[in-house]
Amino acid sequence: MAAPRTLRRRHRDPRPLVRRHPPAQQALDDFAPTGDVLELAAGTGWWTERLTNRARHVTAVDANTETLDLNRARDHHGDITFVQADIFTWTPPPAAYDVVFFSYWLSHVPAEHLDAFWHHVATALRPTGRVFLLDSYREARLDQDRQQRILSDGRAFHIVKRYWQPDELSALPGWHLTPTITTHRQVIYAHGAPAR
């Protein structure tokens with residue numbers, strides 16, 4: 001299991017990254033996340049805010065109470081339900097969502113949790129439901145999909161950090177995903193639906 005991460009590292013403001021890679025944000029706009037949206041690992045709410053621009057309702061889930069409090073404090077303009085829960089143990093209601101969205105999360109899911117995670121995503125979607133994800137990208141995976149993170153107090157942790165490759169996402173069992181790498185090759189995003 002991944003080690004705890006600080007707010008500074010885990011929930012840093014993604015605006016500089018998105019400014020450098022506007023295609024990821026444009027791709028989400030083109031995807032048009034409408035209806036009832038489930039956002040996993042919602043963090044401080046930068047993407048939550050964008051989801052509420054189109055969604056009828058957003059359910060924002062995160063394990064960290066502090067980051068959900070920061071998310072709640074944002075000036076959101078839509079209808080949002082906040083859920084504090086461990087994504088690995090929380091079970092979303094079945095067939096309740098038109099869209100499941102997660103950003104910078106899949107790379108931290110340990111291999112032993114992947115099947116259950118994707119099962120929960122598929123179960124949460126309505127029959128015509130879709131998924132959109134984005135994450136950091138690099139051309140090579142790390143040794144054992146682990147990365148060292150050093151906290152501001154000097155403590156060091158090894159965390160799960162799997163740099164997903166386009167062929168891995170497009171070949172994900174039970175899913176039809178279309179992955180794209182941004183032109184600066186630092187962000188990967190994908191959209192699609194369960195194989196039906």
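In the predicted model, R130 lies over the face of F31, at 3.9 Å from the ring centre, where a charge is taken to sit over a ring if NZ of Lys or CZ of Arg is within 6 Å of the ring centre and within 35 degrees of the ring normal. A further case is found at W164, whose ring has the charged end of R162 over it, 3.7 Å from its centre. This is a predicted model, in which local features need pLDDT of at least 70 and side-chain atom pairs count only at pLDDT 80 or more, while totals for chains, interfaces and linings use all residues. Residues are numbered from 1 along each chain as its sequence is written, and side-chain values use heavy atoms, with hydrogens and water left out.

F31 also belongs to one aromatic cluster together with W46, W47, F101, F132 and Y189. The structure holds 10 aromatic pairs, a pair being rings of Phe, Tyr and Trp (its six-membered ring) with centres within 6.5 Å, and planes under 30 degrees apart counting as stacked, over 60 as edge-to-face and the rest as tilted. One of these pairs, formed by F132 and Y189, is stacked, with 6.1 Å centre to centre and 10 degrees between the planes. The pair links distant parts of the chain, since F132 is in strand β5 (residues 125–136) and Y189 in strand β9 (residues 187–194), 57 residues apart. F132 counts as buried because its relative accessibility is 0%, and Y189 counts as buried because its value is 10%, the class being defined by under 20% relative accessible area, against over 50% for exposed and partly exposed in between (1.4 Å probe, protein chains only).

Leaving aside neighbours within four places in sequence, V121 is in contact (heavy atoms within 4.5 Å) with L40, V100, F102, V131 and W175.

Terms used: Helices (H or I, at least four residues) and strands (E, at least two) are DSSP runs, numbered from the N terminus.
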